[in-house]
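Hello,

Here is the structure I promised to pass on to you. Have a look at it first, and then read my notes below.

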Amino acid sequence: MKKLLFAGLLITLFISGCSTSTPRPTPTTEPEGATIPELVLKITNGSDRLRTPYGLALDSSGKIYVNDAGNSRVLVFEEDGTLLAKWDQQGNGEGEFNSLGFGGIAIDGDDNVFVVDNGNHRVQKFDTAGTFLTEWGGEGSGDSQFVRAIGIAVDGEGNVYVTDDGNPFVQKFANGGQFLMKWGGAGAGGGQFSHATGIAVDAQGNVFVSDYENKRVQKFDEQGSFIAAWGMGADIGATGIPEGIAIDDQGRVYVTDYALGRIEVFDNDGKWLASWGTTSRTDRLFQSPVAMAFDVHGHFYVVNQKTNLVQIFNLP
């Protein structure tokens, strides 16, 4: 089963100042799109409600893992929303969490689960039963250190990529946490970051990173070489704020717009294809959307941070 993760949480458009870019999408007469995904399920976890959830990922059996960051825990659900497990020990020991209200989660091809534990400046690795396997990180801005780690993704080789909105670099690690490389630096030029958040990797190893502050997504190769950049909201003439990124099995790139409450869909090179959701403040399908994921049944999962729920749709 192909896994698409964010952490997390997500797309790409045009932005000035970059050496390479794709054309701005042509505004449409129906900017919100005529075809809307069919909502089939909401997950709130009942009386023990989610609190500012952020990261979301699926394992090979279809179980749903949510980084319930406001509660410093990971929750595991069946496909029908039934709660299976809580990883809810708080603290700084092995298998314990101290989230800051955000943080991604990713799962590799062997069903290892990687959780951003940003209050403890680390990434933790578990099996699907919640058994602690290893950790890496530490507070700081050097190699293998984090200030405010946030997004996480895994490529087809099992390498792990982490964004840090307090340290303007993407860091790449081996599956066991060994530091491999990093790229970025502060700024608004091609390959630079101001507030990197969502991250995803496609089947070819291209890495997509959203930048909340620079209001763009950038595309890189697996060695961190800059390829392209683009922004959000061109179809409605508004400046959107990208947060989460997910990539489907056709290589299409899905990006959540945290501020405007929309999801935009692009081809792999940043050409705008579609958008879902309304910018109306009183009638929004999505409320501060962050992470997204897909399953093998054609379902599309969206974490709404403001309303503390996970939505599950049938894709149109």
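**What I found**

Strand 1 and strand 24 (residues 309-314) run antiparallel and are joined by 5 bridges. Within this pairing, E38 stands opposite N314 of strand 24. A word on the source: this is a predicted model, in which local features need pLDDT of at least 70 and side-chain atom pairs count only at pLDDT 80 or more, while totals for chains, interfaces and linings use all residues. Residues are numbered from 1 along each chain as its sequence is written, and side-chain values use heavy atoms, with hydrogens and water left out.

Strands are DSSP runs (E, at least two residues), numbered from the N terminus, and two of them pair if DSSP finds at least two bridges between them.

**Aromatic rings**

The structure holds 20 aromatic pairs. Rings of Phe, Tyr and Trp (its six-membered ring) pair if their centres lie within 6.5 Å; planes under 30 degrees apart count as stacked, over 60 as edge-to-face and the rest as tilted. F97 and F126 form a tilted pair, at 5.7 Å centre to centre and 45° between the planes. F97 lies in the loop between strand 5 (83-87) and strand 6 (105-107) and F126 in strand 8 (residues 122-126), so this pair ties together parts 29 residues apart in sequence. F97 and F126 are both buried (under 20% relative accessible area; exposed is over 50% and partly exposed in between, with a 1.4 Å probe and protein chains only).

Y254 and F294 form an edge-to-face pair, with 4.8 Å between the centres and 70° between the planes. Y254 lies in strand 19 (residues 253-257) and F294 in strand 22, so here parts 40 residues apart in sequence are tied together. Y254 and F294 are buried too. You will also find one aromatic cluster formed by Y65, W87, F97, F126 and F132.

**Charged side chains**

There are 12 salt bridges, counted where a side-chain nitrogen of Lys or Arg is within 4 Å of a carboxyl oxygen of Asp or Glu. In one of them, the closest N and O atoms of D48 and R73 are 2.9 Å apart. D48 lies in the loop between strand 1 and strand 2 (56-58) and R73 in strand 4 (residues 73-77), so the pair ties together parts 25 residues apart in sequence. D48 is partly exposed at 29% relative accessible area, whereas R73 is buried at 6%.

K182 has two contacts to look at. Its salt bridge with D143 has its closest N and O atoms 3.1 Å apart, and links strand 13 (residues 179-184) to the loop between strand 9 (132-137) and strand 10 (149-154). The charged end of K182 also sits over the ring of F169, 4.8 Å from its centre (NZ of Lys or CZ of Arg within 6 Å of the ring centre and within 35 degrees of the ring normal).

Enjoy exploring!

Note on methods:
Helix = DSSP H or I, 4+ residues; strand = E, 2+ residues; numbered from the N terminus.
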